[in-house]
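Hi,

Here is the structure I said I would pass on. Have a look at it first, and then read on for what turned up.

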Amino acid sequence: MVVCIRLARFGCKNRPFYRVLAADSRSPRDGKHLEVLGYYNPLPGQDGGKRMGLNFDRVKYWLSVGAQPSDPVQRILFRAGVLPPPPMLAMAHKGGPRETRLVDPLTGRFVTPKELNNSDQSTSPESAENKSEI
């Protein structure tokens with residue numbers, strides 16, 4: 001049985017409310033689940049913030065036994081500080097092809113790979129002189 005951590009939708013029409021669940025990946029979205037791990041309310045409250053409550057001990061347990069979080073849950077767990085940032089790709093324009101460069105989720109800027117930095121150092125003037133002497 002493959003366990004995934006995902007959102008189940010509750011609430012009224014145009015007023016969504018989600019529960020964070022550990023469930024079998026074959027069960028339907030709002031169907032049978034193994035455990036309720038928390039809740040997420042995407043609508044802003046009176047203070048203007050989104051409300052979220054998670055049982056961090058149980059979330060860490062399910063992640064340790066191999067449960068796979070869905071993409072929205074992965075973003076929620078990143079905001080809560082449980083998971084590292086998910087890899088994001090920049091989109092060129094809506095519906096168009098995606099950029100292949102990675103984007104830093106905190107700053108929104110493109111991330112340059114360290115391999116490019118290392119290759120720039122190897123083409124320094126000193127190394128060019130050493131290559132010409134050989």
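Before anything else, one term: two strands are said to pair if DSSP finds at least two bridges between them. With that in hand, take Ile-5, which stands opposite Pro-69 in S5. The two strands involved are S1 (residues 3–12) and S5, and they pair in the parallel sense over 2 bridges. Please keep in mind throughout that this is a predicted model.

Now the wider view. The chain has 4 helices and 7 strands, and from the N terminus on they come as β-β-β-β-α-β-α-β-β-α-α. Five of the strands make an open sheet in the order S4-S3-S2-S1-S5, and the pairing in this sheet is mixed. At its edges sit S4 (51–54) and S5 (68–69), each of which pairs on one side only.

Two helices pack on that sheet. Helix H1 (residues 56–64) touches S1, S2, S3, S4 and S5, and its direction makes about 120° with that of S3. Helix H2 (residues 71–80) also touches S1, S2, S3, S4 and S5, with its direction at about 95° to that of S1.

What about the nonpolar side of things? The largest nonpolar core has 15 residues, and Ile-5 turns up again here: along with Val-20, Leu-37, Trp-62, Val-73 and Leu-77, it has the most contacts inside this core. The elements that give two or more residues to the core are S1, S2, S3, H1 and H2. Leaving aside its neighbours within four places in sequence, its contacts include Ile-5, Val-20, Val-59 and Trp-62.

Then there is Ser-25, in the loop between S2 (15–24) and S3 (35–41). Is Ser-25 buried, partly exposed or exposed? Buried would need under 20% relative accessible area and exposed over 50%; Ser-25 has 36% relative accessibility, so it counts as partly exposed. Beyond its neighbours within four places in sequence, Ser-25 is in contact with Val-2, Cys-4 and Arg-6. The C-alpha atoms of Ser-25 and Val-2 are separated by 5.8 Å, although the two residues are 23 apart along the chain.

A few totals to finish. Of the 134 residues in the chain, 25% count as buried. The accessible surface comes to about 10000 Å², and 53% of that belongs to carbon and sulfur atoms. Among contacts between residues at least 6 apart in sequence, 24% join residues at least 24 apart.

Cheers

Notes
Residues numbered from 1 in each chain as written. Predicted model: local features only at pLDDT ≥ 70, side-chain atom pairs only at ≥ 80, totals over all residues. Heavy atoms only, no water. Buried < 20%, exposed > 50% of the residue type's maximum accessible area, 1.4 Å probe, protein only. Contact = heavy atoms within 4.5 Å. Areas by Shrake-Rupley, 256 points an atom, 1.4 Å probe, with all protein chains shown as cover. Axes fitted to C-alpha atoms, helices over the stretch in contact; angles between N-to-C directions. Core = buried A, V, L, I, M, F, W, Y, C linked by side-chain atoms within 4.5 Å.
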